[in-house]
Amino acid sequence: KPKPVKVVDRASFEKGLREHFDLSDEEVAAVGAITEARAKGWAKDNKGKKPEDWYAKHWEGITTAGDEVSQVVLQKNKGAVRFKNDGRAVLVAMTKPDVSTVLHEVGHVFAEQLPESEIRMLEKLYGLNHGEWQIPISVVPEGRLKDWTAAKEKFARSFERYLYDGVVPHANLKPVFEKLKD
């Protein structure tokens with residue numbers, strides 16, 4: 001099993017993808033371009049920041065299942081994203097992960113970076129109560145876990161589909177996805 005890769009920039013992100021996911025060079029470059037576009041957009045919105053600062057703020061690393069990291073969010077058979085206590089993400093390869101897996105999990109990470117107004121819109125769209133989107137999985141009330149999980153999964157699947165073919169299930173999501181992609 002390869003060692004975990006600490007993510008500090010696009011090059012280290014792509015290195016982690018190559019070492020832990022079953023992706024072609026073209027797929028690694030495409031996912032790298034998507035994350036780099038997000039990093040550059042974030043840096044532009046946060047004067048004085050560089051894309052590398054986005055990676056440092058939002059990513060811990062990329063690894064394979066079994067390594068010791070924090071809370072699992074929305075674990076799937078192919079991959080998962082785990083958020084550490086400081087909010088940084090660890091992308092986890094599981095069973096036969098592919099580019100679809102990576103895009104789906106990156107969607108979860110991008111969703112956590114949305115501004116408050118867009119998070120409120122997602123809560124309404126997906127039937128969550130005010131403030132539920134931002135609750136860590138470890139403290140979601142048991143009676144709300146199914147709805148919380150469904151909302152997060154719908155967003156990630158919709159983001160993944162948008163990246164593939166530009167289709168959005170709801171008009172309110174298009175500007176959100178466009179901002180995340182660019």
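**Salt bridges, pair by pair**

Guide: Arg120 counts as buried because its relative accessibility is 13%; buried means under 20% relative accessible area, exposed over 50%, and partly exposed in between, with a 1.4 Å probe and protein chains only. The model is predicted, so local features need pLDDT of at least 70 and side-chain atom pairs pLDDT 80 or more, while totals for chains, interfaces and linings use all residues. Residues are numbered from 1 along each chain as its sequence is written, and side-chain values use heavy atoms, without hydrogens or water.

Arg120 has a partner. Its side chain meets that of Glu116 in a salt bridge, 1.8 Å from N to O. The term needs a side-chain nitrogen of Lys or Arg within 4 Å of a carboxyl oxygen of Asp or Glu. Both residues sit in helix α5 (residues 116–126), four residues apart, about one turn of the helix. Helices are DSSP runs of H or I, at least four residues, numbered from the N terminus. Glu116, at 45% relative accessibility, is partly exposed.

Helix α6 holds another such pair. Arg161 and Asp165 are four residues apart there, about one turn. Their salt bridge is 3.3 Å, N to O. Arg161 is partly exposed at 44%. So is Asp165, at 43%. Elsewhere, salt bridges with shared partners join Arg10, Glu14 and Arg18 into one network.

Glu132 pairs with Arg144, with the closest N and O atoms 2.8 Å apart. Both lie in the loop between α5 and α6 (145–165), 12 residues apart. Glu132 and Arg144 are both buried.

Definitions and conventions
Helix = DSSP H or I, 4+ residues; strand = E, 2+ residues; numbered from the N terminus.
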